[in-house]
Amino acid sequence: MTYHGAQSTHRLADALFLIGHDEFTGKPHAAVDRLDCALAGAALAELLFDRRIALEGGGVVAVDHRLWQEPLTDLLITEIMRREGVHPIRLWIRYLREHLNINERVGTRLVTAGVLRREQGRLLGRAVRWPATDPNQAASARVRLTAMMMQLQHARVDAGTLLLGTFVEAVGLGGTVFDAQVMARMRESRALLPPPLEVLLAAVVAALDATTTAVRR
């Protein structure tokens, strides 16, 4: 999925990853564990928009078992099918963060697409960086989201873009990446989400809250 109605070629998790990283240095604009929560939600949203899963009673159900030759989403649908029953969205977000390394997998998808480079720190414990091969291309996700948010009161904005804006705002990327006016539009976009996406956003926010609590402890 290119998030619906978009002229961008980026899938939802890709767009969030690009917005969440500086296109020149490759450093994240927010705490990686918080960004990972939203990336997990975005990856699930890709499956939801592609009608490969449904959200029922706060849980995730596979509805299309075919593999579409898209490595990341095929991996997720395979993992979902392997587990019988309906499992809560919040547990899937945790699983994608802690066991499937969602940050690395989305970053790798963008490297494969030629958008980013992966640079490993030379010293032990140094974080991976993801600088852009073409900074203008990498910045296009941020530019497009800004433009769409500013149209929020005057034009219909697709559900994928609304969800992307709410994820960006929830993670706390706004103060670094967007101005106050755009952030206000992102907060407004929450009220426009259709019910399944409200449920997904709530699970991501709960995961973010749990991450914050863990840090404070």
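Which residues are linked with Arg 109 in a network of salt bridges? In this predicted model, Arg 11, Asp 14, Glu 46, Asp 50 and Glu 70 join Arg 109 in that network. A search of the whole structure turns up 16 salt bridges, and a few of them are worth a look below.

**Salt bridges**
- Arg 142 pairs with Glu 23, with their closest N and O atoms 3.2 Å apart. Arg 142 sits in helix 6 and Glu 23 in the loop between helix 1 and helix 2, so this pair ties together parts that are 119 residues apart in sequence.
- Of these two partners, Glu 23 is buried at 11% relative accessible area, while Arg 142 is partly exposed at 22%.
- Arg 83 and Glu 79 meet through their side chains at 3.0 Å, N to O. Here Arg 83 is partly exposed (27%) and Glu 79 is buried (10%).
- Arg 185 and Glu 188 form a salt bridge with closest N and O atoms 3.8 Å apart. Both lie in helix 9, three residues or about one turn apart; Arg 185 is buried at 13%, and Glu 188 is partly exposed at 33%.

**Helix 3 against helix 5**
- The axes of helix 3 (residues 71-82) and helix 5 (residues 102-112) come within 10 Å and cross at roughly 145°.
- Helix 3 contributes Leu 72, Thr 73 and Leu 75 to the contact, and helix 5 contributes Ile 102, Arg 105, Val 106 and Arg 109.
- By class, that makes four nonpolar, one polar and two charged residues.

**Around Thr 211**
- Thr 211 belongs to helix 10 (residues 195-216) and is buried, with 6% relative accessible area.
- A polar atom of the Thr 211 side chain lies 2.9 Å from the backbone oxygen of Ala 207.
- Beyond its neighbours within four places in sequence, Thr 211 touches Asp 33, Arg 34, Cys 37 and Arg 97.

Key
Residues numbered from 1 in each chain as written. Predicted model: local features only at pLDDT ≥ 70, side-chain atom pairs only at ≥ 80, totals over all residues. Heavy atoms only, no water. Axes fitted to C-alpha atoms, helices over the stretch in contact; angles between N-to-C directions. Helix = DSSP H or I, 4+ residues; strand = E, 2+ residues; numbered from the N terminus. Contact = heavy atoms within 4.5 Å. Nonpolar A, V, L, I, M, F, W, Y, C, P; charged D, E, K, R; others polar. Buried < 20%, exposed > 50% of the residue type's maximum accessible area, 1.4 Å probe, protein only. Polar contact = N/O pair within 3.5 Å; in protein donor to acceptor, adjacent residues only side chain to side chain. Salt bridge = Lys/Arg side-chain N within 4 Å of Asp/Glu carboxyl O.
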